[in-house]
Amino acid sequence: MSQNSTVTNGHQHPPITSDDPANIHHLNGLALRGLAPMFDKNSQLFCHRVQRDGANLRMEGLSPRYTAMTLLGLHQLESAGIPSPFDTQAIFGALVKDSRWVDNIGDIGLLMWLCAVVYPSQLEAVVDRFNVKHVLGRTRERKTMELSWFLAGLSHHALAESGRLSNLTDAAIEAYQLLIGNQGEKGIFGHSSRNGNVSGVIRGHIGSFADQIYPIYAMAKASQAFPLEKATDRALDCALTICQVQGSQGQWWWHYDSSTGRVVGRYPVYSVHQHGMAPMGLLALGEVLDSDFGPWIQKGLQWVNGDNELDQDMRDASSGVIWRCIHRKDYKKYFHTAYAILSGREDGTSHTNLLLRDECRPYELGWLLYSFGNQGLQ
């Protein structure tokens, strides 16, 4: 796509707008500071989450998966010449020493992704340990997010091969075919394949924002790594739909109908979608298409800065975190989603009964750094 307003697949994009470097630099600095209280030195892993407890933050649990995502983000910051305050090599060692946390193809893909980008010398050992060539044969649920992480891992593996044909091409094509089987006509992905039981039909019908943005990223990378001619078209179909239904204040909504492209569940609106995951997917696709999704990305970032339903700046410099989300009271969020699905209407309810969830998870800051860390700090 050119540097002006253009039409791609019948959809018009507005002119490219420049990024706001100062805002990005501030977010990067906040993310780096925020990761410090989330790290457990004994285990060399990042936690599951921190929650506000009075004037302090309380750390809960440990998460190898979140640790892998966070290492990807820290690597981007290091690529900008910013030294990490963490011993990332030791953290990676702890991550692979006990791999019992790897219990699905998504985790395998995530670990391949990490190795390919940050620790390429360990990549083939991971491929062999998890029998990557044949692991898809043991996959039943065919969850969109897990397939996307797996395809992303395979793609980064191939890209790390420096132009040589990947020996995992067949696995990548199979993963891609399974993934597009979860995609509807408007480009929206369901949560999983639509198998025969009631749960499968519903979960195949409805997809979360994660079920949209991870396939966008994975297919953008797969188009660079494998002979998948339609991958960018499918990624673009999804990207155009979620951009079209983005909220007036830049909200990336929670749940979508894969059959119609409608928004069927607006809340919670998660900060990580706004500052990390949406930029990650849209920037990757924009790079492949020579396009720019800056207007939508910037609008999402403004939501984080306080242009949102609660006029709440989600950045808390005193705590060093970005608060997790704005959500409805629990019973209301499920009621509105269920009503939208059953009635065939969009979740168009007003912004009422909304609350701030004052917790943060390390992967949220990790994905922010993965998207913008190469731009450095202030």
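Residues are numbered from 1 along each chain as its sequence is written, and side-chain values use heavy atoms, with hydrogens and water left out. Because the model is predicted, local features need pLDDT of at least 70 and side-chain atom pairs count only at pLDDT 80 or more, while totals for chains, interfaces and linings use all residues.

**View 1. Thr241 in helix H10.** Here we look at Thr241, part of helix H10, residues 231–244 (helices, H or I of at least four residues, and strands, E of at least two, are DSSP runs numbered from the N terminus). Thr241 counts as buried because its relative accessibility is 10% (buried is under 20% relative accessible area, exposed over 50%, partly exposed in between, with a 1.4 Å probe and protein chains only). A polar atom of the Thr241 side chain lies 3.1 Å from the backbone oxygen of Asp237. Leaving aside residues up to four places away in sequence, Thr241 touches Lys186, Ile188 and Gly261 (contact means heavy atoms within 4.5 Å).

View 2. Strand E7 (residues 255–257) is joined to E8 by two bridges, and Tyr256 has Val263 of E8 as its bridge partner.

**View 3. Helices H4 and H6 side by side.** The axes of helix H4 (residues 105–117) and helix H6 (residues 144–159) come within 7 Å and cross at roughly 30°. That makes H4 roughly parallel to H6 (under 35 degrees is roughly parallel, over 145 roughly antiparallel, 65 to 115 roughly perpendicular, and the rest oblique). Among the residues making the contact are Trp113 of H4 and Trp149 and Phe150 of H6.

**View 4. Strand E12 between its partners.** Strand E12 (residues 325–328) is covered on both faces: Cys325 and His327 on one side, and Ile326 and Arg328 on the other, are all buried. Strand E9 (residues 269–270) pairs antiparallel with E12 over two bridges, with Val269 partnering Ile326. Four bridges join E12 to the antiparallel strand E13 (residues 354–357), where Leu354 stands opposite Arg328.

Technical notes:
A polar contact is a pair of N or O atoms within 3.5 Å; within protein, one must be able to donate a hydrogen and the other to accept it, and residues adjacent in sequence count only if both atoms are side-chain atoms. Two strands pair if DSSP finds at least two bridges between them. Axes are lines fitted to C-alpha atoms, for helices over the stretch in contact, and angles run from 0 to 180 degrees between N-to-C directions.
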